[in-house]
Amino acid sequence: MSKRVVVTGLGVVSPNGVGIPDFLNAIQNGVSGIRFMPMYEELKFSCQVAGMPLFDWEGLKNYISEVSFYGLKARGIGYGLQAALDAWTDAGNAIESDETDWDTGCIFGNSIADTEAMKNVISRVDNKEVKKLGSRVVEQAMNSGVTSYISGRLGLGNKVITNSAACATGTQAILMGYEYIKHGYAKRMLVGSTEHVDTYVFGAFDSMRVLSRKFNDQPERASRPMSVTAGGFIPGSGSAALVLEDLDYAIARGAKIYAEVLGGSTNSGGQRGGGSMTAPAPAGVIRCIEESIRLAGIKPEQIDLISGHLTATLADKFEIQNWSTALKRAGDDFPFVNSMKSMIGHSLSAAGSIESVAAILQMEHGFVHPNINLEDPNPEITNIIGNNCLPTTIIKTDVNIVAKANFGFGDVNSCLIFSKINN
Amino acid sequence: MTRQEILDELKKVLAPYTADKEALAKVDENTDLIKDLKINSANLVDIIIDAESKYNIEIDYDSADRMTNVGSCIDVISEKMGQGQV
């Protein structure tokens with residue numbers, strides 16, 4: 001018999017707020033986490049702003065042993081560790097344990113492990129100094145570094161998996177954790193994703209000419225999803241984590257329940273029918289959303305809020321069209337739509353988990369966060385859905401069901417349906 | 001450098017790699033790096049790299065294999081510093 005799966009813990013490291021209280025305050029008030037990066041000007045990047053968390057690196061000493069902290073350099077691992085351990089304690093669990101917890105696993109994703117760690121390897125090897133690399137490089141350069149640090153710290157003994165599906169990674173990690181619990185393979189899964197967009201990764205996107213470059217002198221206005229003046233996305237860094245739990249298990253231990261995961265789907269458009277390495281095929285996106293709704297056992301009319309992928313590129317209008325087709329809804333008969341990226345940019349693999357945490361907080365606290373920088377909505381979007389569906393200031397309202405989707409390079413899609421807990 | 005001076009310096013090299021500060025405070029020549037200081041065996045290579053840079057010496061693989069307790073670390077370091085046995 002399949003199990004119901006609930007969310008019992010949240011943690012976040014976001015460009016506009018580190019820790020749940022700061023992040024909640026930021027998304028309620030439309031606080032931007034996009035900052036000017038002087039180094040990017042020096043490097044002659046076209047886009048010179050980024051979403052960077054104000055992260056207290058030394059503070060990690062409160063999360064891991066001094067021995068483990070000494071020699072830790074990979075920022076993505078640091079963000080992921082903090083978000084995951086915050087979620088774990090938020091769920092009412094202790095960090096210290098002598099025993100392996102066989103009932104709990106971890107699925108955490110990232111796109112690129114740590115190019116700073118690899119830069120160190122490359123320069124040492126090229127300088128014939130390989131002997132000076134030491135023991136801590138491999139664990140930080142490997143993609144499973146972040147899951148290894150998290151599961152090792154907490155003694156997690158169920159499935160420990162690192163997933164990677166470009167910008168669909170975060171939602172996919174949550175979906176995978178949900179499925180394992182639903183089918184009875186695990187009682188709890190600590191899920192999420194992390195990303196540190198360093199200069200090398202940033203530069204590679206800059207060269208693709210897909211980044212916003214006209215607002216370098218006004219960083220907070222630079223990320224403009226769904227607007228006429230949307231001129232590309234702003235890379236961001238960060239992490240978020242959720243504790244997913246078998247409902248019965250959560251009730252038995254008296255855990256606080258934030259929300260229920262009703263279902264979800266991940267698929268690919270196969271890079272056919274308009275899909276490519278960099279663009280999602282509409283048929284794949286529509287199918288992914290439709291399947292999520294069907295598996296969640298809800299009707300499209302029940303969706304109150306769409307937390308979109310909506311990065312501030314030409315793809316925004318196609319995404320809205322796909323949502324409209326999949327939901328068979330349009331005009332003013334449409335859920336609220338918002339894009340977290342207007343405040344924090346696009347944190348690649350971390351986007352799905354940060355946006356899922358935002359979705360759950362909106363249900364928990366009864367509001368729809370604003371789309372900032374949407375002074376000039378794209379008419380090609382408002383031709384499909386009503387202006388009222390695109391809030392530019394906070395809307396206080398009951399939010400019972402949220403659809404959250406992300407679409408990644410490789411034509412990979414992931415969609416989740418979150419609900420308030422009923423009965 | 002006397003053996004005691006090397007030992008005092010070596011304690012600083014070992015410090016980041018052991019969580020057991022009490023054991024570190026009490027080290028003597030017989031202290032075993034893994035058994036007594038609970039140092040992760042993977043970190044022995046980092047200790048060797050740090051020692052090389054601290055004393056400006058090179059420690060070859062065979063010598064490194066001998067560095068299992070504090071006394072043998074001091075032997076290798078003083079040898080490599082060209083002081084022979086002190």
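Me: Which helix gives the most to the lining of the largest pocket?

Reply: Helix α12(A) gives the most to that lining, with six residues. The model is a predicted one. Other elements of chain A that each supply at least two lining residues include α11 (282–296), α15 (379–382) and β14 (401–408).

Me: What makes a residue part of the lining of the largest pocket, and which residues lie nearest its centre?

Reply: A lining residue has an atom within 4 Å of a point of the pocket. For the largest pocket 44 residues meet this, and T278(A), T311(A), T313(A), L314(A) and A315(A) lie nearest the centre. The volume of the largest pocket is about 930 Å³.

Me: How is the lining of the largest pocket divided by class?

Reply: There are 24 nonpolar, 14 polar and six charged residues in the lining of the largest pocket.

Me: What is the volume of the second largest pocket, and which residues are closest to its centre?

Reply: The second largest pocket has a volume of about 740 Å³. It is lined by 27 residues, with R124(A), K132(A), L133(A), G134(A) and I49(B) the closest to its centre. In this lining, α5 (115–126) of chain A and α3 (44–55) of chain B each supply at least two residues. The most comes from α3(B), with five residues. By class, the lining of the second largest pocket has eight nonpolar, seven polar and 12 charged residues.

Me: Why is D411(A) called buried?

Reply: Buried means under 20% relative accessible area. D411(A) has 0% relative accessibility, so D411(A) counts as buried. This residue is in the loop between β14 and β15 (412–419) of chain A. Phi of D411(A) is near 60°, a positive value in a residue other than glycine.

Me: Why is R209(A) called exposed?

Reply: Exposed means over 50% relative accessible area. The value for R209(A) is 73%, and therefore R209(A) is exposed. R209(A) sits in the loop between α9 (199–207) and β8 of chain A. Phi of R209(A) is near 60°, positive although the residue is not glycine.

Me: How do you know that the side chain of D246(A) makes a polar contact with the backbone nitrogen of D248(A)?

Reply: A polar contact needs a pair of N or O atoms within 3.5 Å. The side chain of D246(A) reaches the backbone nitrogen of D248(A) at 2.9 Å.

Note on methods: Residues are numbered from 1 along each chain as its sequence is written. Chains are lettered from A and ligands numbered from 1 in the order in which they are written. This is a predicted model: local features need pLDDT of at least 70, side-chain atom pairs count only at pLDDT 80 or more; totals for chains, interfaces and linings use all residues. Side-chain values use heavy atoms; hydrogens and water are left out. On a 1 Å grid over the protein atoms alone, a cavity is a set of points where a 1.4 Å probe fits but cannot get out, and a pocket is an open set with protein on both sides within 12 Å along at least five of seven lines; lining residues have an atom within 4 Å of a point. Grid points are joined across faces, edges and corners, and a volume is the space filled by probe spheres set on the points. Helices (H or I, at least four residues) and strands (E, at least two) are DSSP runs, numbered from the N terminus. Ala, Val, Leu, Ile, Met, Phe, Trp, Tyr, Cys and Pro count as nonpolar, Asp, Glu, Lys and Arg as charged, and the others, Gly among them, as polar. A polar contact is a pair of N or O atoms within 3.5 Å; within protein, one must be able to donate a hydrogen and the other to accept it, and residues adjacent in sequence count only if both atoms are side-chain atoms. Buried means under 20% relative accessible area, exposed over 50%, partly exposed in between (1.4 Å probe, protein chains only).
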